[in-house]
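Please read the following report alongside the sequence and the coordinates.

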Amino acid sequence: MSRKAKNGIVEWIDYRLPIFSFIKHLGEYRTPKNLNYMWSFGSIAGIALVIQILTGLFLAMHYSPNANTAFASVENIMRNVNYGWLIRYMHAVGASMFFVAVYVHIGRGLYYGSYKSPRELVWFFGLFIFLLMMATAFMGYVLPWGQMSFWGATVITNLFSAIPIVGESIVQWLWGGFAVDDPTLNRFFVLHYLLPFIIVAMVILHITALHIHGSNNPTGVEVKSKNDTIPFHPYYTVKDLFGFTIFFIIFAFFVFYQPNYLGHPDNYMQADPMVTPPHIVPEWYFLPFYAILRAIPSKLGGVIAMFGAIAVLFALPWLDSSKVKSASYRPKFKIFYWLFIFDVILLGYIGGNPPEGWYIAIGRVATFYYFMHFFFIIPMLAKYEKTLPEPKSIRSARND
Amino acid sequence: MNKTNKEAPKNKSRRDFIVLTATALAAVGGGAALWPFVDSMNPSADVLALSSVEVDLKPILVGQTVKVLWRGKPVFIRHRTPKDIEEAQNVDWQSLPDPQPDAERVKPGRSEWLVMIGVCTHLGCIPIGDSGDYHGWFCPCHGSHYDTSGRIRKGPAPLNLIVPAYQFINDTKIKIG
């Protein structure tokens, strides 16, 4: 086919459905020239999502969503299905890796003030993705029908029984019975398969909203002219590919050398509704929120605090009214940012330990500090912090 | 011209009425169409079918607790010791988080038998027997302590362990459900 004829077909299609213009937009999409490696984690989270969907598709071909056969079918995948062990370990480790990438991505946004105007909706869609991810991961963890699956599902679904009056009916509706059982497993499997595609739709909205005003950057100063930007391709495609490489090396280390390190051994025992394991712990990525749940000595209060811990992130663009975005020009904010990160890690540590003795006291202090950070420290900093002078433009910050 | 000006608002309000009623009806219809799908997730008839379990109490010794499965949940049947009963009765029950006297939680004249759904009222774990600060049950998940009557004494659980509907068929047999 001659070049001209080919262009003819391209033009014919593009006139009717502008997919080629869209690809051209992606190729020419301009990005701040000073993005550091922290900006690679969005793409890394994206590739992690693709890996989860692909490995999940192949697992679903062998998995049986029935309370009597689910546990055995997972063992069958591990022992008999060709490369079943690899696909399952990729999926299980991949969930953790996806959360690592997303947590770094969120942490990047918090540090550089990426949630601020005009990117509030980018932030919102990101939080929706985060919420959907948590729901998907939770339901996925139930599917192997091990002890942690069963009791994790019991505890989390019971959170809804804290709702006054209708709580009990809602929980029975979620279960399709009087306890977590076969109907619950079936619907969790269906939803676990559905939600990732809703996440994909949210990702599209997240990126579309991002492309309206473009990426934030380490200076937090908006793009002023073409001198501040470089095309996404090839500069950031190459940079992101390097990020992928490092990510895949860490990923492969866990898959091949420590596939069960991030999981819990109790989940290799089949679900038993008569015996609760002595220490129920969720997967590591839920631990900070689990610690907040347990810190409040009231059922409804604990549930409200746990959901509130994420809900408060939606209010962040307004709680932090400082015009300066990047922590690089906010010396006090920077200190409190790292204190907050430490607090979240501390909550994670507390969440992984039994609710007794000092763990309770530390958990309560850390929970209190978590909310203090958003409701007191951030608004106070926005009002009183003396920020450093920002550069006039990205270009002048780089002195070139 | 004059005529149309007069008619316009009249027509408009009539049209608004039609639009509003049609929208309202569509919303009701939409809601009604949604309901079967929502309700399909509720417990189905076979799950709801009243299941009952008969338990022979003869082999349960004093101080022993037996777990039986009923509707997918464990039921604790405890043959209480005189000390258990004494502890359960000698409590200022009105000051408890979920106030209930021990007498309300057992059948009259059979205070040695305590029958409860063995599911923590906090988030649904199964409490461990003969433990906790009140010598009753202790939930390992989030640290709720229950006394020898299964009443919540300390910790995040809001309610006492639930006593299911049951009856004595004879002196040594009960029917749960």
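Over all chains, the structure holds 16 salt bridges, a salt bridge being a side-chain nitrogen of Lys or Arg within 4 Å of a carboxyl oxygen of Asp or Glu. This is a predicted model, in which local features need pLDDT of at least 70 and side-chain atom pairs count only at pLDDT 80 or more, whereas totals for chains, interfaces and linings use all residues. Residues are numbered from 1 along each chain as its sequence is written, chains are lettered from A and ligands numbered from 1 in the order in which they are written, and side-chain values use heavy atoms, with hydrogens and water left out.

| Salt bridge | N to O distance |
|---|---|
| K173(B) and E54(B) | 4.0 Å |
| D84(B) and R78(B) | 2.8 Å |
| K154(B) and D133(B) | 2.5 Å |

In the pair of K173(B) and E54(B), whose side chains meet in a salt bridge, K173(B) belongs to strand β10 (residues 173–176) and E54(B) to strand β1 (residues 53–56) of chain B, so the bridge ties together parts that are 119 residues apart in sequence. Strands here are DSSP runs of E with at least two residues, and helices are runs of H or I with at least four, each numbered from the N terminus. K173(B) is partly exposed at a relative accessible area of 30%, and E54(B) is likewise partly exposed, at 47%; buried means under 20% relative accessible area, exposed over 50%, and partly exposed in between (1.4 Å probe, protein chains only).

In the salt bridge of D84(B) with R78(B), both residues are buried. For the remaining tabulated pair, K154(B) sits in strand β8 (residues 152–154) of chain B and D133(B) in the loop between β5 (128–129) and β6 (135–139), so that parts 21 residues apart in sequence are tied together. K154(B) counts as partly exposed at 39% relative accessibility, as does D133(B) at 43%. In chain A, salt bridges that share partners join K116(A), D320(A), R330(A) and E385(A) into one network.

Across the interface of chain B and chain A, by contrast, the rule finds 0 salt bridges, while 9 residue pairs (both at pLDDT 80 or more) are in polar contact. A polar contact is a pair of N or O atoms within 3.5 Å; within protein, one must be able to donate a hydrogen and the other to accept it, and residues adjacent in sequence count only if both atoms are side-chain atoms. Elements giving two or more residues to the side of chain B that touches chain A are α2 (45–48), β2 (65–70) and β3 (73–79) of chain B, with the largest share, 3 residues, coming from β2(B).

In total, 27 residues of chain B are in contact (heavy atoms within 4.5 Å) with 28 residues of chain A. The area buried between the two chains, that is, the accessible area (1.4 Å probe) that two parts lose on being put together, summed over both, is about 2300 Å², of which carbon and sulfur atoms give 66%.

Within chain A, N267(A) is placed in the loop between α10 (232–257) and α11 (287–295), and at 10% relative accessibility N267(A) counts as buried. A polar atom of the N267(A) side chain lies 3.0 Å from the backbone nitrogen of M148(A). Not counting residues up to four places away in sequence, N267(A) touches F71(A), Y141(A), P144(A), G146(A), Q147(A), M148(A) and S149(A).
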